[in-house]
Amino acid sequence: TMMELGAGVVVGGAVLLAISPSSFSLSGLSMLAVLLLGVGPLLYKGLMHTIEFLASLSRSKKHNKIDGYNNQYDENKSAEDRNKDYANLVDSYYDLATEFYEWGWGTSFHFADRRKGETFQQSILRHEYFLAGRLGTKKGATLLDCGCGIGGPARNIARFTGANIKAVTINQFQVNRGNTLSIREGLRDQVELIQADFMKLPFEDNSFDAVYAIESTCHAPDRTGVYSEILRVLKPGGIFACYEWCLTDKYDGKNEHHRRIKKDIEVGDGLPDLVHTSVCTKALGDVGFDVLEARDAMQDGHLEGGEAWYVPLTPSWNPTKWPRFQFNAVMFKAMPLILRFFELVRLVPEGTVKTQVMLQAGGVGCAQGGETGAFTPAWLMVGRKPN
């Protein structure tokens, strides 16, 4: 997806050069033909994806929530205040962010380091399959995806394992979009998205063979609460595996830059409060899980010839490196202006600019958290429910 979006910028400029009067020649036409044959399909797919994104935004009635969302993080609001209003906070965030996420990142809303020879999409799949492998399930098992976004990981893991998956998200827009995609991909009988609060799961005790969560339970106001609900619905002997967003041992609360990173991540990603790895590990054990594994999966290494998880959020002047291209100094300032013009001509709804600025700041915070080592999006925890 990122290559397709970037290809549009590259090919557009090349086409203009090729057909300009000063270069209208056999060589110019030859270059244009090669570009259209080689990159044309990527350009077309990226263009169609962008048109679908803009069309969805133009119909949106949700972006007027941005001021109320931003008010949750003003100086008069504490983490405790946000924890009390977590359901509204997270629901509003994903009303605002979901279309941007799918357009710029894909249907799997999470990070992954990239190993040598991997494409971006292959790294995303490998990261999901690795977690699925920790569950020890078999074909026909019933799994719960706890905080599923629009169901990209659920569909991928369903294909990989042959399991049946119930996937919950607090946001109804994500449920509707995810079930539409499941139908489109022929997986609706195997993957079902359900609107639910993972602090109050709508399932009977001992319902699932295994449960997983990918970068989602960071939205919980209390890790003990969400982990205890997961324990309740998990069958005895079943496995829960997750990637948690956490502050690491390198985080220094006395360091102003580190505090700014924490704040940017919270505001830009809809988090009531970002906590240390130890808080999550302790909570998992306190609710009754046997903790089998707890470590930073982003420190596994294997990055020679690849790249760290946060690199896609760092600036680049190469237009094929999307979303990195939008973080360079020029595009960082230009994107809000472009979207503001779209607002003025009513191509997108009012509030789109503020939403994009909020998400952009969150991306910068995550990148700086990765560069400093103060933050990880993949604190891997594996726990077993006692028999």
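# Side-chain pairs, helix packing and backbone

Arg155 has a relative accessibility of 1%, so this residue counts as buried. The term buried stands for a relative accessible area under 20%, exposed for over 50%, and partly exposed for values in between, with a 1.4 Å probe and protein chains only. The model is predicted: local features need pLDDT of at least 70 and side-chain atom pairs count only at pLDDT 80 or more, while totals for chains, interfaces and linings use all residues. Residues are numbered from 1 along each chain as its sequence is written, and side-chain values use heavy atoms, with hydrogens and water left out.

Arg155 forms a salt bridge with Glu185, with 3.5 Å between the closest N and O atoms. A salt bridge here is a side-chain nitrogen of Lys or Arg within 4 Å of a carboxyl oxygen of Asp or Glu. Arg155 belongs to helix H7 (residues 152–161) and Glu185 to the loop between helix H8 (172–184) and strand E3 (191–195), so the pair ties together parts that are 30 residues apart in sequence. Helices (H or I, at least four residues) and strands (E, at least two) are DSSP runs, numbered from the N terminus. Glu185 has a relative accessibility of 34%, so Glu185 counts as partly exposed.

For the chain as a whole, the secondary structure comes to 13 helices and seven strands. The chain has 387 residues, and 54% of them count as buried. It exposes about 17300 Å², of which carbon and sulfur atoms supply 57%. These accessible areas come from the Shrake-Rupley method with a 1.4 Å probe, and for residues only the protein chains shown count as cover. Among contacts in the chain with a separation of 6 or more, 75% come from residues 24 or more positions apart; a contact means heavy atoms within 4.5 Å.

The whole structure holds 23 salt bridges. One of them joins Lys354 and Asp67, whose closest N and O atoms are 2.9 Å apart. This pair links distant parts of the chain, with Lys354 in helix H13 (residues 352–372) and Asp67 in helix H3 (residues 66–71), 287 residues apart. Lys354 is partly exposed at 43% relative accessible area, and Asp67 is partly exposed at 39%. Arg295 and Glu293 also meet in a salt bridge, at 2.8 Å from N to O. In that pair Arg295 counts as partly exposed at 24% relative accessibility, whereas Glu293 counts as buried at 18%. Elsewhere, salt bridges that share partners join Asp113, Arg115, Glu118 and Arg126 into one network.

Helix H13 also packs against another helix. Two packed helices are described by the angle between their axes and the distance between the axes. The axes of helix H5 (residues 86–104) and H13 come within 10 Å and cross at roughly 80 degrees, where axes are lines fitted to C-alpha atoms, for helices over the stretch in contact, and angles run from 0 to 180 degrees between N-to-C directions. That makes H5 roughly perpendicular to H13. The cut-offs are under 35 degrees for roughly parallel, over 145 for roughly antiparallel, 65 to 115 for roughly perpendicular, and oblique for the rest. On the H5 side the contacts involve Tyr93, Leu96, Ala97, Phe100 and Tyr101; on the H13 side they involve Thr352, Thr355, Gln356, Met358 and Leu359.

A search of the whole structure finds 18 aromatic pairs. Rings of Phe, Tyr and Trp (its six-membered ring) pair if their centres lie within 6.5 Å; planes under 30 degrees apart count as stacked, over 60 as edge-to-face and the rest as tilted. Tyr94 and Tyr101 have ring centres 6.4 Å apart and planes at 75 degrees, so this pair is edge-to-face. Tyr94 counts as buried at 13% relative accessibility. The rings of Phe240 and Phe289 have centres 5.8 Å apart and planes at 40 degrees, so this pair is tilted. Phe240 lies in strand E5 (residues 234–247) and Phe289 in the loop between helix H11 (277–286) and strand E6 (290–296), so the pair ties together parts 49 residues apart in sequence. Both Phe240 and Phe289 are buried. One aromatic cluster consists of Trp105, Phe111, Phe120, Trp245, Trp309, Tyr310 and Phe375.

The backbone comes last. Most residues other than glycine have a negative phi. Glu215 has a positive phi near 55 degrees and sits in the loop between strand E4 (208–214) and helix H9 (223–233). Glu215 counts as buried at 5% relative accessibility. His302, also not a glycine, has a positive phi of about 60 degrees and is found in the loop between E6 and helix H12 (329–344). His302 is exposed, with a relative accessible area of 55%.
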